[in-house]
Amino acid sequence: MTVPAFISELIRAANETQRLSQFERGRLMERAAATIRDYREQIAYSDAPANDTGPGDIAFDLADMGRTPEVFTAAEVSAKLLEAVEVIKTLRVLSEEKEAVLRGE
């Protein structure tokens, strides 16, 4: 699945969270966390360590929520998915810019 398609899937899910099963909520949050971690590795994210830095970090929060989706309300899941969308979009732009710089554009 392409990143734009995944972003669309996250937005759609965030708007219909109450219709998703707990498994679907958890899986989406885990996929979003993995996508964020992957982009951070690609752009050499400067925080050390770059991934799962602890509570308060979006990748950590998504992974944590993904393991126990039943603990969170539909509104909390929706808000976190929308936050993930913004982070993924930003990281995607940064990744594209890094690639352009490396190509000498």
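In what follows, a residue is called buried when its relative accessible area is under 20%, exposed when it is over 50%, and partly exposed in between, with a 1.4 Å probe and protein chains only. By that definition Arg 19 is exposed, at 66% relative accessibility.

Good morning, colleagues. The structure is a predicted model, in which local features need pLDDT of at least 70 and side-chain atom pairs count only at pLDDT 80 or more, while totals for chains, interfaces and linings use all residues. Residues are numbered from 1 along each chain as its sequence is written, and side-chain values use heavy atoms, with hydrogens and water left out.

Let me turn to the interior. A nonpolar core is here a set of buried Ala, Val, Leu, Ile, Met, Phe, Trp, Tyr and Cys residues joined through side-chain atoms within 4.5 Å. The largest such core has 24 residues, and those touching the most other members are Leu 10, Leu 28, Ala 32, Ile 36, Leu 62, Leu 81 and Ile 88. Two or more residues come from each of helix H1 (3-15), helix H2 (22-43), helix H3 (58-67) and helix H4 (74-103). Of these, H2 gives the most, with seven residues. Helices here are DSSP runs of H or I with at least four residues, numbered from the N terminus. In general, nonpolar side chains tend to be buried together in soluble globular proteins.

Ile 36 illustrates the packing. Leaving aside residues up to four places away in sequence, Ile 36 touches Ile 58, Ala 59, Leu 62, Ala 84, Val 87, Ile 88 and Leu 91, where contact means heavy atoms within 4.5 Å.

Next, helix H1. H1 has 13 residues and reaches 18 Å from its first C-alpha to its last, close to the 18 Å expected at 1.5 Å a residue; the expected span is 1.5 Å times one less than the number of residues. Buried in H1 are Phe 6, Ile 7, Glu 9, Leu 10, Ala 13 and Ala 14. Seen down the axis of H1, these buried residues fall within an arc of 160 degrees, so they line one face of the helix; the arc is taken from the directions from the helix axis to the C-beta atoms. H2 and H4 are among what covers them.

I come now to charged pairs. A salt bridge is a side-chain nitrogen of Lys or Arg within 4 Å of a carboxyl oxygen of Asp or Glu, and by this rule there are nine salt bridges.

Which residue forms a salt bridge with Asp 57? The partner is Arg 40, with the closest N and O atoms 3.0 Å apart. Asp 57 lies in the loop between H2 and H3 and Arg 40 in helix H2, so the pair ties together parts that are 17 residues apart in sequence. Both Asp 57 and Arg 40 are buried, Asp 57 having a relative accessible area of 9%. The side chain of Asp 57 also reaches the backbone nitrogen of Ala 59 at 3.2 Å.

Two further pairs deserve mention. Arg 19 meets Glu 16 in a salt bridge at 3.9 Å, N to O, and Glu 16 is partly exposed at 32%. Lys 89 pairs with Glu 86, their closest N and O atoms being 4.0 Å apart. These two residues are three apart in helix H4, and are therefore separated by about one helical turn. Lys 89 is partly exposed at 37% relative accessibility, and Glu 86 is partly exposed at 47%.

Definitions and conventions. A polar contact is a pair of N or O atoms within 3.5 Å; within protein, one must be able to donate a hydrogen and the other to accept it, and residues adjacent in sequence count only if both atoms are side-chain atoms.
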